Amino acid sequence: METVPRINKLDSETASLIAAGEVIERPASVVKELVENSLDAGAHEIIIEVTKGGLELIRVKDDGYGIQREDVPLAFARHATSKIKGPEDLNEISTLGFRGEALPSIMSVAKVEMLTRTWEEPVGTLLVAEGGNLLKVAEAGCPPGTQVTVRDLFYNIPARKKFLKSPASEGRAVATLVERLALAHPQVKFTLYMDGRRVLYTPGRGELREALASLYGVEVAQALLPVSAEEGEWGLTGLISPPWLHRSSRSLQVLAINGRLVFHRGLVRAVEESYRSLIPEGRYPLFVLHLRLDPRRVDVNVHPTKLEVKLEGEQEWIARIMATINKSLHSSQGIAPALRKREKTNPGAILRQKEFFFTCRGTEPEVWGEYLLKRAKDDPPWQLQEPSLEEKRSPLPQMRILGQIKNSYIVAEGEDGLYLIDQHAAHERCRFFHLKKALEEQGSWPSQVLSPPTSLQLTPSLAQALGEALEILASLGFLLEPFGDNSFLIRGVPVGLPPGKEKSVLMEFLETGERADQERLLKLLACHGAIKAGDPLSLEEMAGLLREMQQWGLLPYTCPHGRPVVVRWDWPTIAALFQRTGGDR
Ligand code: ADP
Ligand code: MG
C-alpha cells in the first residue's frame with residue numbers, strides 16, 4: 001500500500017525562494033524591477049551598469065526621491081510597499097510596482113547593496129544583504145537618490161544558475177529591455193554600460209523621435225510616422241513605420257500602457273491588422289506606442305512580472321487604436337522620402353542607392369551595443385528626408401513625363417527632383433484601392449458574363465477548396481457553378497480582368513494552399529489586372545496612370561506586396577552625384 005504524503009508548511013527560506021522564482025528569472029528581470037522602482041521614484045536619470053551580462057554585477061542608479069533611513073530595511077521585507085495601502089487601491093494602480101516583492105526576491109537570490117538618500121536627509125543609508133539575510137544597515141555618504149548593486153545572481157541556487165544563458169546572450173536581453181524601457185519613457189535619460197562600455201543612451205528630453213534616433217539611428221527615426229489621438233479619458237501617441245519599412249520579426253514593437261511596458265496580443269494584432277494589405281506577408285511593422293487609459297480600466301494584477309495586463313472594454317480600445325493607426329498611415333500619403341547625400345560627394349554614390357533600400361527594407365539591423373558602435377563609425381551615406389507637410393498633402397506633385405525606360409519604368413520630372421515610377425507596382429496599387437473601395441461601398445465587384453461559359457476541371461482537393469470559396473469568389477465577380485465530377489462552369493469574371501486570365505487567377509488562388517480569403521483574392525486580381533513590367537506605354541497611357549495615382553493618392557510608394565512604387569532623387573542629390581557645388585556651371 002502506498003503511503004499518503006503528509007502536508008507540511010515550508011520554512012520561510014524555501015517559501016521566499018519559490019516566490020523569487022516568479023519574478024526573478026534572469027539578469028534582465030532584476031534590471032526591470034530596479035528600473036521600475038527608479039521610475040516610480042520619479043527619476044529623471046537612470047544609469048544601468050552590468051558586467052558579464054549581469055551574471056557578475058548589475059547596478060541601477062537613479063536621482064529619484066530616495067528612501068528614508070527608517071524605511072530602508074522595510075523595503076526588503078516581503079509585501080512591504082509604499083505604493084498601495086489596501087485592497088481598494090488594487091483597482092486603480094498608477095505606479096509600476098505595488099506588490100512589494102521585487103527587492104526581497106532579489107535579496108533572496110543574490111548579494112545586494114543599497115545606497116539611498118532622500119533629498120531632505122543630510123546623510124544617506126547603506127544596506128547590505130545576502131541570500132535573504134540583512135547583514136548591515138548604516139549611515140553612509142551618498143548623493144540623493146538610490147543605487148542598488150546586485151552581485152552573483154543565483155549564487156545560492158545552482159539549479160537556477162545552470163539555466164542562465166551565456167553572458168553575451170543575457171547581456172543582449174538586458175540591452176533589449178533597457179531599450180524598450182527607454183522608449184516607453186522618453187522623458188527619462190537612460191544610459192546603459194556593459195562591461196564598462198556605454199552601449200546605449202537616450203537624452204531624456206521627452207521627445208520619442210529623439211530617443212529612437214539615439215537607439216536605432218536617424219534614418220529609422222526620421223522615417224517613422226507620428227500617431228496621435230488625445231481624447232480626455234484616453235490617448236494614443238507614438239511612432240509607427242511607414243508601409244515600406246518592415247522587419248521579419250517583432251523586435252521593434254513597443255507598447256506601453258500608462259508607462260508600463262506590456263505585451264498584449266490583442267492590441268499588437270490590431271496594429272498589425274492595419275498594415276495588412278500594405279506590407280508583405282510574414283513581415284512586421286515597427287512601432288512604439290504609448291497608450292494612456294484610465295487606470296481603473298486596466299488590471300495589472302494578473303501576472304507576477306506584470307508583463308500581461310487585462311483591459312476592460314478591450315474591443316473598444318482595439319477599434320479606436322486601429323482607427324488612429326489607419327489615419328496616420330493614410331495621412332502619410334506622399335512620395336518616398338527623398339534620398340539625400342549625407343556629406344561629401346562620393347563617386348560610388350549611385351551604387352549605394354541599392355544599399356539604401358536594402359538597409360531600409362531587407363536587412364535586420366542588429367540592435368545591440370555592437371551595432372550602435374558600428375553604426376556610429378560607419379554612417380550610411382544616405383539619409384532619409386521626411387516628406388514635408390506639403391508633400392504629404394498632395395500625393396504626387398505635378399510632373400512632366402519624360403518617357404519610359406525598359407518598358408517598365410516611367411521617368412518624370414517634378415519641381416523637386418527626378419522621379420522613377422514602377423509602372424506595374426503603381427497600377428497594381430491603384431487597382432487594389434479601386435477593388436477595395438468597391439467592396440467596402442457596394443459589398444462586391446461587378447461581374448461580366450462569359451458567353452459561352454468555360455469549364456474548369458480540377459483535382460478533387462482543389463474542387464473541394466473551390467466549392468468552399470464560391471461566395472468569396474462571387475463577391476469579387478467570379479461566378480462559378482458546380483458541373484459535376486470536380487469540374488465547374490465559369491459563367492462570369494470580374495470586370496476589368498483581361499480576357500483569358502480567369503483560369504490562371506483561380507488556379508493561383510486555390511493552389512498556394514493558403515487560406516482562401518477575400519483579401520488575398522483582391523491582391524491577385526489587382527496584380528493580374530495591372531499593366532506589366534515590359535508593356536510599352538504611350539504617353540497618354542502614362543499620363544492616365546499618373547492621374548489614377550493622384551486619384552487613389554493613398555500611400556503611392558507601396559504596392560500591396562510592400563514594394564516601393566515611386567523613387568525620387570532630389571536636385572541636391574543629383575548635383576552631388578556630379579560633384580557640383582553651388583555656383584559651378
Ligand atoms: P514595490 O515596487 O512593488 O513597492 P519593491 O520591493 O520593488 O516593491 O520595493 C519596495 C519599496 O522600496 C517600494 O515600494 C519603494 O517605496 C522603495 N523603493 C525601492 N526602490 C526604490 C528607489 N529606487 N527609489 C525610491 N524608493 C524605492
Ligand atoms: Mg518594485
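Ser 105 lies in helix H4 (residues 102-109), helices being DSSP runs of H or I with at least four residues and strands runs of E with at least two, numbered from the N terminus. The model is predicted: local features need pLDDT of at least 70, side-chain atom pairs count only at pLDDT 80 or more, and totals for chains, interfaces and linings use all residues. Residues are numbered from 1 along each chain as its sequence is written, chains are lettered from A and ligands numbered from 1 in the order in which they are written, and side-chain values use heavy atoms, without hydrogens and water.

Because its relative accessibility is 0%, Ser 105 counts as buried (under 20% relative accessible area, 1.4 Å probe, protein chains only). Leaving aside residues up to four places away in sequence, Ser 105 touches Ala 19, Ala 20, Val 23, Ile 24 and Arg 78 (heavy atoms within 4.5 Å).

Strand S11 (residues 253-257) is mostly covered, with five of its five residues buried. Gln 253, Leu 255 and Ile 257 point one way from S11, and Val 254 and Ala 256 the other way. In a regular strand, side chains alternate between the two faces of the sheet.

S11 runs parallel to strand S13 (residues 287-292), joined by five bridges (pairing requires at least two DSSP bridges); Leu 289 of S13 is the bridge partner of Leu 255. Two bridges join S11 to strand S12 (residues 260-261), and these two run antiparallel. Arg 260 of S12 is the bridge partner of Ile 257. S11 and S12 form a hairpin with two residues between them, and Asn 258 in the turn has a positive phi of about 50 degrees.

How values were computed
Buried means under 20% relative accessible area, exposed over 50%, partly exposed in between (1.4 Å probe, protein chains only).
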